[in-house]
Amino acid sequence: MERRFAVIGWGLAAILLVAAQPAAAQDQQAPAPKKITSVEGITEYRLENGLKVLLFPDASNPSVTVNLTVFVGSRHEGYGEAGMAHLLEHMLFKGTPNHPEIPKALTAHGAAFNGTTWLDRTNYYETLPASDENLQFALELEADRMVNSSIKAEDLASEMSVVRNEFERGENSPLYILNQRMMAVAYEWHNYGKSTIGNRADIERVPVENLRVFYRKHYQPDNAMLVVAGKFDPGKALKLISKLFGTLPRPKRKLTNTYTEEPAQDGERIVTLRRVGDAAAVGVVYHIPAGPHPGFPAI
């Protein structure tokens with residue numbers, strides 16, 4: 001399955017069972033979610049295993065959306081791993097033992113679905129006609145593939161070519177290439193200066209074992225946030241979330257914060273891009289100093 005990634009704004013063999021337990025642990029009981037706060041109809045909860053949950057009920061909406069955000073993106077990639085977070089996003093549509101054909105199952109439930117990868121996060125979402133059955137299906141799916149995805153070598157071999165095609169489309173876009181060069185000049189050391197799509201060599205050569213290690217490390221409940229929005233019963237949703245996500249154990253590993261910081265810029269930085277063609281463009285990277293967000297180019 002081919003999916004688009006954000007460009008302008010820099011913003012675009014055996015089955016491995018990654019977790020020992022099934023996502024839907026039917027016979028286990030998890031503590032009730034802890035309510036954190038409620039603001040303008042959105043209520044935040046926290047599960048004991050660290051999963052953040054946001055519920056935003058809207059009875060006027062005929063659909064329900066389930067979105068799982070995992071806090072890992074291209075800035076978490078190491079040497080030789082450029083594009084790994086985005087490649088892994090594609091792999092999570094390839095199936096689990098309990099959901100072997102994810103796109104087919106989503107389509108059968110009438111879902112509009114996709115996934116996106118960015119600098120700091122990866123997310124997966126589906127919007128379905130509102131019903132208890134559809135909500136349960138979506139929550140079961142996301143809890144399952146967050147820890148039980150089948151990261152298989154044969155799937156990587158086929159999906160790699162899909163991601164490589166995305167990479168080549170970007171290479172053929174003058175605005176995309178300008179955008180990429182500007183970000184590379186704006187950031188000397190931080191991974192914000194690298195494209196989320198990665199580079200051809202890493203996309204083509206990344207070992208499937210490395211992808212599995214990256215998956216097991218980051219795709220855990222203490223590193224994710226679940227959002228449910230639309231027409232649904234909050235009480236029923238919380239019970240399902242406790243049953244399906246709350247029984248996932250908090251991992252023993254502790255994620256370390258990235259610590260690379262950009263040195264103070266000591267002058268103007270300019271990049272000139274010349275290629276064969278008749279397209280002309282100019283861009284500026286601006287930075288918002290009040291937060292940890294990267295600068296974004298205006299083209």
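**View 1. Buried and exposed parts of the chain.** A residue counts as buried when its relative accessible area is under 20%, as exposed when over 50%, and as partly exposed in between (1.4 Å probe, protein chains only). By that rule, 45% of the 299 residues here are buried. This is a predicted model, in which local features need pLDDT of at least 70, side-chain atom pairs count only at pLDDT 80 or more, and totals for chains, interfaces and linings use all residues. Residues are numbered from 1 along each chain as its sequence is written, and side-chain values use heavy atoms, with hydrogens and water left out.

View 2. Seven of the strands make an open sheet with mixed pairing, in the order 1-2-3-7-4-6-5. At its edges lie strand 1 (34–39) and strand 5 (112–117), each pairing on one side only. Strands pair if DSSP finds at least two bridges between them.

**View 3. Strands 1 and 2.** Strand 1 and strand 2 (residues 42–46) run antiparallel, joined by five bridges. Here valine 39 is found opposite isoleucine 42 of strand 2.

**View 4. Helices on the sheet.** Helix 1 (residues 84–91) packs on the sheet and touches strand 5 and strand 6 (122–129), where contact means heavy atoms within 4.5 Å. Helix 8 (residues 234–244) also packs on the sheet, touching strand 2, strand 3 (52–57) and strand 7 (224–230).

Conventions: Helices (H or I, at least four residues) and strands (E, at least two) are DSSP runs, numbered from the N terminus. Axes are lines fitted to C-alpha atoms, for helices over the stretch in contact, and angles run from 0 to 180 degrees between N-to-C directions.
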